Amino acid sequence: MELRYTPDEIAFRDELRRFFRAEIPAEIRQRVAEGRHLSKEDIVTSQRILNAHGLAVPNWPVKWGGKDWTPVQRYIYTEELQRAAVPQPLGFNTAMVGPVIAQFGSEAQKERFLPATANVDIWWAQGFSEPGSGSDLASLKTRAEKRGDKWVINGQKTWTTLGQHADWIFCLVRTDREAKKQKGISFILADMKTPGISVRPIITIDGAHEVNEVFFDDVEVPLENLVGEENRGWDYAKFLLANERLGIARIGMTKQRLARAKRIARETPMGEGVVWDDPEFRRRVARIEVQLKALEITQMRVVAAQGRQDASKPDPATSILKIKGSELQQATTALLVDIAGPYALPLAEHDREGSNEPEIMPEWAETAAPNYFNYRKVSIYGGSNEIQRNIIAKAFLGL
Amino acid sequence: MDFDLTDEQRLLKDSVDRMIEDAYGDFEKRKAYRAEPLGWSEALWKQYAELGLLGLPFEERHGGFGGGAVETMIVMEALGRGLAVEPYLATVILGGGFLRHGGSEAQQDTFIPRIAEGTLRLAFAQTERQARYDLFDIATTAKREGDGFVIDGEKGVVLHGDSADMLVVSARTSGSRRDREGITLFLVPADAAGVTRTGYPTQDGLRGAEIAFSNVRVGQDAVLGEIGQGLPLIERVVDEALAAVSAEAVGAMDALQTTTVDYLKTRQQFGTTIGSFQALQHRAADMLVALEQARSMAMYAAMMSEAADPRERRAAVAAAKVQINDSGRFVGEQSVQLHGGIAMTMEYKAGHYFKRLTMIENLFGDTEYQLRAVAEAEDVLVAD
Ligand SMILES: Cc1cc2nc3c(=O)[nH]c(=O)nc-3n(C[C@H](O)[C@H](O)[C@H](O)COP(=O)(O)OP(=O)(O)OC[C@H]3O[C@@H](n4cnc5c(N)ncnc54)[C@H](O)[C@@H]3O)c2cc1C
């Protein structure tokens, strides 16, 4: 047993650390650190810099721009990226549709989509959830019918994150209504400009436009937009979700947020001194740090065991990382609300940059409550925490 | 021991509940009120007055109804259930509280009838950037000049401060920033020369304001209560406000609990209602436990907010706020979780209750702050 990195790994880490801070524009990283909304341009700019240095899609096959890294190196990459507050490369591209196309797509699809996906020349959206199919995703109703040389898609997707920026969408659609529900689903790609696709914004409780409804009304897409085999879409979706595993706990982001919260607590007045002087407050931070350390070591155990475990045996690791990871993300956003105290209350309507309006509250406090509200999502999406517990109980514990 | 309402109180409850249901039952209406010029409904405010709600806690000779803490609890719970956006807390509970407990005969005669009839709105300009929740931490100064005072300083997060006609302002007439002595309260017209207000919406859909006082001249008659002895008055009124807000939080939790359980009974996944999953049943049951514990403490706070001994009052109200905060966070967060994505949307009401409960948590003292007050009171809650 050994906790420390090897000298090579340390050199690898230091180089990434330097790279992220030197190459990704500081103002973009600051917006990430403060929990502000990123523009499409911020995300694209950052990912293109990463891609130009071969760092956008290290998890892909080497042939398509991936890296032949060890699991530990991948872990270091994710950790350092998050700690430097670099915008996460667009997950729909790099963690979801990219690996699916690389694994199951045709050569033509790989050529056409993978380089553009790595470089976000194509911005992808994930069209899985529907109004009636959230946790029970396999019950989805949006259907695609083969007519001549086209698929004709009808139905509705919802919660489509950043769909307003999307060039393309990858969808799960029903292609066989007779088969058992998981067996009649296919994985299809659609250009968002196709006639019949319309997008309607959903505003979330923090006031952000982050998610959308996407409607499909007789949308015709070429047959070649099917990925892999017809009616095997559910397998690809499972492959896609399993891929997310390393990033899922977002430990680097939580560390970054916690470090920032401590910095702010050291500057925020309270009584004769500052918030940080309060032993109760420090104990609360300490408790979060303990849990975060436990999760970090758990994550390292998962990383170290990668490739060695028996793939046929159910493994609770992903669910553990998701449950605790989301809880700690939420705990740190709540912490910032409490540090802000009375100044969590005002709602900043303006965009701070370049604004001449009088300052209502400390700038950092503007995002405290909205982020806390917004982060309720992390225990809901990607398989809710209840669903994760079901997975542990059923698949692992055999209950 | 008696936790029942009297016949009169029940009548009050029925009529307030009915009014709020009419006004706010359709959640879309709340959006419309918020879009009005003041950020809330002036027409509704008239209805509050007609129903006697604006005069509720005042004496009959001032056009009031002589209601006590229980009557206030009834009204605040209804406002919480409706997620009402009118300045009841700021005007009737806070502003009215200062006039009731600190106002001179002349001040009461002049201002209270106008509150009761709905033509005078008040706000409490107290919080300062550095003060956080310490009520005595006041840097704003009021210096004697001639036969009056000159006020200078900055107040923040003044609830409904932007639409108030008059402000109750705490300022220092002697001593230094964190002295308990030397604080005096003033009644200042909001349009007085030297008062600058920056109004804004708050996270929970209400309104607040930052208010700067620069060389603001007021007469001797603006002094509310005793010069230099403002703190006990502030503490008393804020404790009453905390009791009121506790009832509001219970109303909000109650509505959220009902909304969530209704949703569990109707939302289908995996071919059945999600309410059939035991994991969610237990969570909903825990929400009810939290709600009832909060309800008990809101009642306790209401009754104890009128206690003669300030030490007892403070410990009891602080204890209630701790329970309200714990319950409010649990009920709020879990109701969003049990709804899934739908509660994350602006369109659906659950998220708005969650936001209001979150903001109530930090109102006049967060959990740590109130817990410290309970701990400092040592044996007041549970004696040997
Ligand atoms: C901000 C946000 C962004 C999203 N982005 C995307 C996206 O880009 N693309 C996409 O396809 N989807 C996206 N989603 C959808 C997300 O994956 C779903 O919200 C999630 O699957 C839950 O579904 P639901 O909201 O319909 O809740 P429901 O499935 O209706 O669940 C409601 C409640 O019931 C519980 N529950 C359900 N089944 C069980 C069970 N068997 N046992 C115990 N409890 C259960 C849930 O845990 C939850 O508490 C996003 C969601 C949000 C909130």
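**Exercise 1. Find the residues nearest the centre of the second largest pocket, and describe its lining.**

Solution. Step 1: The second largest pocket is lined by 43 residues, and those nearest its centre are A:Arg284, A:Ala331, A:Ala334, A:Asp338 and B:Arg329. The model is a predicted one.

Step 1: Give the volume. The second largest pocket holds about 930 Å³.

Step 2: Sort the lining by class. There are 20 charged residues, 13 nonpolar and 10 polar in the lining of the second largest pocket.

Step 3: Assign the lining to elements. In chain A, strand E10 (273-274), helix H9 (279-305), helix H10 (317-340) and H12 each give at least two residues to the lining of the second largest pocket, as do H9 and helix H11 (367-376) in chain B. H10(A) has the largest share, with seven residues.

**Exercise 2. Decide which chains form the ligand site.**

Solution. Step 1: Collect the residues around the ligand, taking those with a heavy atom within 4 Å of it. There are 29 of them, and the closest are A:Ser135, A:Thr161, A:Ser384, B:Arg267 and B:Gln337.

Step 1: Read the chain letters. The site is shared between chains, because residues from chains A and B surround the ligand.

Step 2: Look for elements that contribute. Helix H12 (385-396) of chain A and helix H9 (310-339) of chain B each provide at least two residues of the shell around the ligand.

Step 3: Sort the shell by class. It consists of 14 polar, 12 nonpolar and three charged residues.

**Exercise 3. List polar contacts of the ligand and state how far the protein covers it.**

Solution. Step 1: Take the side chains. An oxygen atom of the ligand lies 2.5 Å from a side-chain N or O atom of A:Ser384. For B:Arg267, the distance from a ligand oxygen atom to a side-chain N or O atom is 2.7 Å.

Step 1: A polar backbone atom of A:Phe128 is 3.1 Å from an oxygen atom of the ligand.

Step 2: Turn to area. On its own the ligand has 970 Å² of accessible area, and the protein covers 94% of this.

Methods. Residues numbered from 1 in each chain as written. Chains lettered and ligands numbered in written order. Predicted model: local features only at pLDDT ≥ 70, side-chain atom pairs only at ≥ 80, totals over all residues. Heavy atoms only, no water. Polar contact = N/O pair within 3.5 Å; in protein donor to acceptor, adjacent residues only side chain to side chain. Areas by Shrake-Rupley, 256 points an atom, 1.4 Å probe, with all protein chains shown as cover. Helix = DSSP H or I, 4+ residues; strand = E, 2+ residues; numbered from the N terminus. Nonpolar A, V, L, I, M, F, W, Y, C, P; charged D, E, K, R; others polar. 1 Å grid on protein atoms, 1.4 Å probe; cavity = no way out; pocket = protein on both sides within 12 Å on 5 of 7 lines; lining within 4 Å. Points joined across faces, edges and corners; volume = space filled by probe spheres on them.
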